[in-house]
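Hi there,

Here is the structure I promised to pass on. Have a look first, and my notes follow below.

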Amino acid sequence: MLKVQHITQKLYTVSQVKKGLSGARPGIDPRLVKWCRLKPVYGYHDGLILEDVSSSIQIIMKKILVIGAHPDDCDILAGGCAALWSDRGDEVTFISMTNGNAGHHREDPPELESRRRDEAARAAEVLGGRYEILDNDDGCLVPDLENRLGLIRRIREIDPDLVLTHRPNDYHPDHRYTSILVQDAAYMVTVPLICPEVPHLETNPVIAYLFDEFTRPAAFRTDVVVDIDAVAERKWKALDCHQSQFYEWLAYNMGPGEDSVPTEAAEKLQWLKATWSEHLARPAASCRPLLLETYGSGRGGEVIFAEAFELCEFGSQPGRDELRSIFPV
Ligand SMILES: [Zn+2]
């Protein structure tokens, strides 16, 4: 059974769907309907992803695939959007290209890997998605043929409308090579004779890069920015799930030191917010002009936390309005 959530009320009659989805019901953003994928399900060929339940119909909106290098990158860079997507009925999958087994200064790698799988699963649950963690060692990811073909297969199986990943100019080799692997898979997902055992995609998904502040060879170009203030608390709770990272490894490696971390859960969360707020507020500060354009001079100027994205040239190239409609703007 395909996953359907939130948007489960009666939306369209079967005849409306067969007529081509004319007449969206109140409460549904017409932009979402416009860009829904067409899928054959239960005999409704060329219909939306549908489930006929006692004369009502349920709809899955979008499939979103976020591909990060480590089992917390997706949450940090797109966790707010993930919450918004899942709230509007979209299906969100996080893939971590590595198992995260080097992200600590004390833990044994096998124990750390197990711990991080649990942390990631809990974080994804908070955000309404699911996490897949691939079996590449942390810090050792290489853009080889095996990884490329594996990613081509997985992208085809998920069949996403949108793929998000790191940009290729990044401080961390796992981030760089994750980006290269997605770029290498981008067009090839449509080539039938590559990995013929998994049906190829008819069209390339839209691909966009996650926000960063690196400037060479090119600074991040903001094509879409999303106000996530309404779900910021959920994002904090998702990040709080990554105990081994924010309260241990990153506190040790990036500061302000493990000694500064409280022991009580509620105090830890407050510490997390105090320590990481400035970092998580950078996309909004950096992308303020597009926030003002997107949300208006009032709201656009007030957004504290946002997530921003740059369209990748190697995926489908939607127009600006279509691109924004894919995101929970
Ligand atoms: Zn990372």
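Ala208 in β7 is the bridge partner of Leu164. Before going further, please keep in mind that this is a predicted model, in which local features need pLDDT of at least 70, side-chain atom pairs count only at pLDDT 80 or more, and totals for chains, interfaces and linings use all residues. Residues are numbered from 1 along each chain as its sequence is written.

Back to the strands: β6 and β7 run parallel and are joined by four bridges (strands pair if DSSP finds at least two bridges between them). Helices (H or I, at least four residues) and strands (E, at least two) are DSSP runs, numbered from the N terminus. On β7 there is also an antiparallel pairing, with three bridges to β9 (residues 306-311); there, Tyr209 has Glu310 as its bridge partner. Five of the five residues of β7 are buried, so the strand is largely enclosed by the rest of the structure. Buried means that 20 or more other C-beta atoms lie within 10 Å of the residue's own, exposed means 12 or fewer, and partly exposed is in between, with C-beta atoms placed from the backbone.

Together, β6, α6 and β7 form a right-handed β-α-β unit (with the strands pointing away from the viewer, the path from the first strand over the helix to the second runs clockwise). The buried residues of α6, among them His175, Tyr177 and Leu181, pack against β3, α5, β6 and β7 (206-210).

Next, α5 (residues 145-158): its buried residues are Asn147, Leu151, Ile152, Ile155 and Arg156. Seen down the helix axis, these fall within an arc of 165° (taken from the directions from the axis to the C-beta atoms), so they line one face of α5. They pack against β3 (63-68), β6 (162-165) and α6 (173-186). Glu146 and Glu157, on the other side of α5, are exposed. Just after the helix, Asp159 takes a positive phi of about 55°.

A word on confidence: the protein chain averages a pLDDT of 86, and 82% of the residues score at least 70 (pLDDT is the predictor's confidence in each residue, from 0 to 100). Over residues 1-58, however, pLDDT stays under 50. Where pLDDT is low, the predicted coordinates should not be read in detail.

Best wishes

Terms used
Two residues are in contact if their C-beta atoms, placed from the backbone, lie within 7 Å.
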